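This report covers one protein model.

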Amino acid sequence: MRTEISIEAQRLWIVVNALRLDDSPPYRDDLEVTPGYYFGDHGWYFPLENLTPGRRKKDGVDFLAKTNFPNNVVGRLTPDSLLLLQLKDVGVVHIFRLDVLKSRITVSNAGFFTERMTSIKRFFIAMKIIGLNSLSDLTPFNLPQVRALMSTTKADRFGFILSQLILISQAGLVRDGLRAYQWEIDIGDDDADDTTRERGTQPLTAEQAGTLLKLSRSYISLASEIGAEIRALTDPISPQTAISNRLKAKIPANLDDLESKWHSTTLHLLVEVSSANLECYHFGFRPSEVLSIRTGFIVALLDDPEGQDLRIRFIRTKNVPTPTARELRVDPYLREVEVAIEDVRDAVNAQSDFIYSHPNSEWEMSYNRYVYRLNRFCQLHGLDFTVSGYTWRKTVVDIMVRVLTEAIPILQHMLGHVSETESVGYALSSPLLQPEIQAGVMQVYTRRAGTLFETATSPDSELGGLAGKRLQKLLSSDITSEDLGLTKDEFVEDCIAEGNLPIKVAEGVYCVRGKLGRGLCSIDAGDLLADPANCSAACNFQIQMPERLAVVKENIINLGKLLSSSNASRMQKRHAVNQVNEQLVAWPELIEIRDELIKSDPQLIQWLKNDIKGHSTKSPCIETT
């Protein structure tokens, strides 16, 4: 039975129940695997409210549902089969034991579980079809038969499923698992990707975008008439039999061949898709973001009585720990769009407060239905192109990169990307934009290098990090550019020529290792590859910006409270001390503050006297205490 629970509570529930889990199968039928569902159930589902908008149908797996294969082959598992129990064992691993799978996801969620287990269920059903009763019956000799049934699954995906089953079997987390054979799979063409080809969804051309926007604006302007027409068509007492000729003459779509029973729903679609087109054109929304929009989505600030400073409200679920409400400033025209779609939704008597939903549904429409309606809009107007849920997002990137000189950082903020690199990756999916992107990336690096020069030569700023201190000493504010023989532009040019481009590894922290530099992250790993996740303040190539000084200072001040607390574990305290000691290598001027902390509480010396990676952070205070 489905249980309502917040996303934070759901994650905590999974973590707590993972600790209570038996070491290995067989598991009890009353083992609760998701909130409200048990191991003995033949379907495991997650709370709908915690799923990404547009993906609520991917809320879990029905283990007994049929699966279709090529050549009209259909299969399903039976309730009393060992294969079903093994599939459930694998499901338990995908909820509670992700460490076995070496997954980058630390806590399972509905999308991850549904995607993985749907593919694995297909694998199990294919085994049943070829006559196998258990994972242990699978061998390198009959594996090609399973592969043939799953021919529509990409070879690398098929290999991934098998590799996951091998890991689970080796860990003893599935009863009667795979035998220890030498498994081999041909994953096909090993040729390198052609980086000049189109990848994924492509942006609209200027002509295509212009056509869609012109059509969309026309339907917004006609929305009040369309709403009145829908009410007349759906009047319960005396319904109008078809769209009036008067309105049909104003509508750009060709509705002559459309059956009259579809007239009201098609009018709703025309305004609905027009609204989505205009919103996505303004902001490059992900499908989940546009589908998360609810009634009253355009809001005015309280101190803006004239309603000119408007915001659009939506939910962001990607690159954030939990679904997060976000607002972006909008053009006042979007208020007209809101009024238009709300009026038409009222005309169809929509039950949900989700703007993009079936009139009789509680939730927003699915992603697939959303894409269908986008393309139905194109079809009704005889357009020779189609769109996907990401077409407008790619189009916004295309337009901004071509028009704006600072497009990459702007896109990062607007599209909600974790880094500028993600924005670059979006744009690079179009080979036509590669020259513009290369120029855009160099603009980012040029701006960063110029900022470093200005900061290092300013008497009011201080850089941190071993590389930052060296740079500040080299470009001392006591030396003029004439004495130095180097201007800002020349400094930036030299940085680019030598490959010493400032790579952002954290907020206010940059790596300048260059082409051949080997930092601590590479030394620790024993290779020459940079690893931003293991960047250390003790590295010779790290630079910290002035704003980091206040952050580190505050951390030192708060450290005393943490070390004196009885609520923090010894491991937490040691981690915090290591973090502070490491940052003191980047900001040695803050050692004095740490020493004052020790003087105020001498017992803290047992925590604070350690060196970090060979860089001493000891002071006379520590040595004499």
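## Basis and conventions

Helices (H or I, at least four residues) and strands (E, at least two) are DSSP runs, numbered from the N terminus. This is a predicted model, in which local features need pLDDT of at least 70, side-chain atom pairs count only at pLDDT 80 or more, and totals for chains, interfaces and linings use all residues. Residues are numbered from 1 along each chain as its sequence is written, and side-chain values use heavy atoms, with hydrogens and water left out.

## The chain as a whole

The protein chain holds 26 helices and 12 strands. Of its 625 residues, 49% count as buried. Buried means under 20% relative accessible area, exposed over 50%, and partly exposed in between (1.4 Å probe, protein chains only).

The accessible surface comes to about 31,700 Å². Carbon and sulfur atoms supply 51% of that surface. Areas come from the Shrake-Rupley method with a 1.4 Å probe, and for residues only the protein chains shown count as cover. Among contacts (heavy atoms within 4.5 Å) with a separation of 6 or more, 63% join residues 24 or more positions apart.

Helix 7 spans residues 206-221, 16 residues in total. From first C-alpha to last, helix 7 reaches 22 Å, close to the 22 Å expected at 1.5 Å a residue. The expected span is 1.5 Å times one less than the number of residues. Buried in helix 7 are Gln208, Ala209, Leu212, Leu213, Leu215, Ser216, Tyr219 and Ile220. Seen down the axis, these residues fall within an arc of 165°, so they line one face of helix 7. The arc is that of the directions from the helix axis to the C-beta atoms. Ala206, Glu207, Lys214 and Ser221 are exposed on the other side.

Helix 24 covers residues 591-600, and its buried residues are Ile591, Arg594, Asp595, Leu597 and Ile598. They cover an arc of only 155° around the axis, which puts them on the same side of helix 24. On the other side, Glu592, Lys599 and Ser600 are exposed.

Serine 136 sits in the loop between helix 4 (110-129) and helix 5 (143-149). Serine 136 counts as buried because its relative accessibility is 11%. Another is a polar contact of 2.8 Å with the side chain of aspartate 176. A polar contact is a pair of N or O atoms within 3.5 Å; within protein, one must be able to donate a hydrogen and the other to accept it, and residues adjacent in sequence count only if both atoms are side-chain atoms. Leaving out residues up to four places away in sequence, serine 136 touches Asp176, Gly177 and Arg179.

Aspartate 176 lies in the loop between helix 6 (155-170) and helix 7. Its relative accessibility is 33%, so aspartate 176 counts as partly exposed. Aspartate 176 is not a glycine, yet its phi is positive, about 50°.

Arginine 246 belongs to helix 9 (residues 245-250). Its side chain makes a polar contact of 3.2 Å with the side chain of glutamate 225. Neighbours within four places in sequence aside, arginine 246 is in contact with Glu225 and Glu229.

Glutamine 583 is part of helix 23 (residues 570-586). Glutamine 583 is buried, at a relative accessible area of 13%. A polar contact of 2.8 Å links its side chain to that of glutamine 544. Not counting residues up to four places away in sequence, glutamine 583 touches Ala537, Gln544, Arg548 and Val552.

## A hairpin

Strand 10 (residues 503-506) and strand 11 (residues 509-511) run antiparallel, joined by 3 bridges. Two strands pair if DSSP finds at least two bridges between them. Isoleucine 503 stands opposite cysteine 511 in strand 11. The hairpin has 2 residues between the strands, and glycine 508 takes a positive phi near 80° there.

## Backbone exceptions

Most residues other than glycine have a negative phi, and most peptide bonds are trans. Asparagine 71 has a positive phi near 60°. Asparagine 71 lies in the loop between strand 5 (67-69) and strand 6 (73-75). Its relative accessibility is 74%, so asparagine 71 counts as exposed.

The peptide bond from proline 25 to proline 26 is cis, with omega near 10°. Proline 26 lies in the loop between helix 1 (7-20) and strand 1 (32-34).
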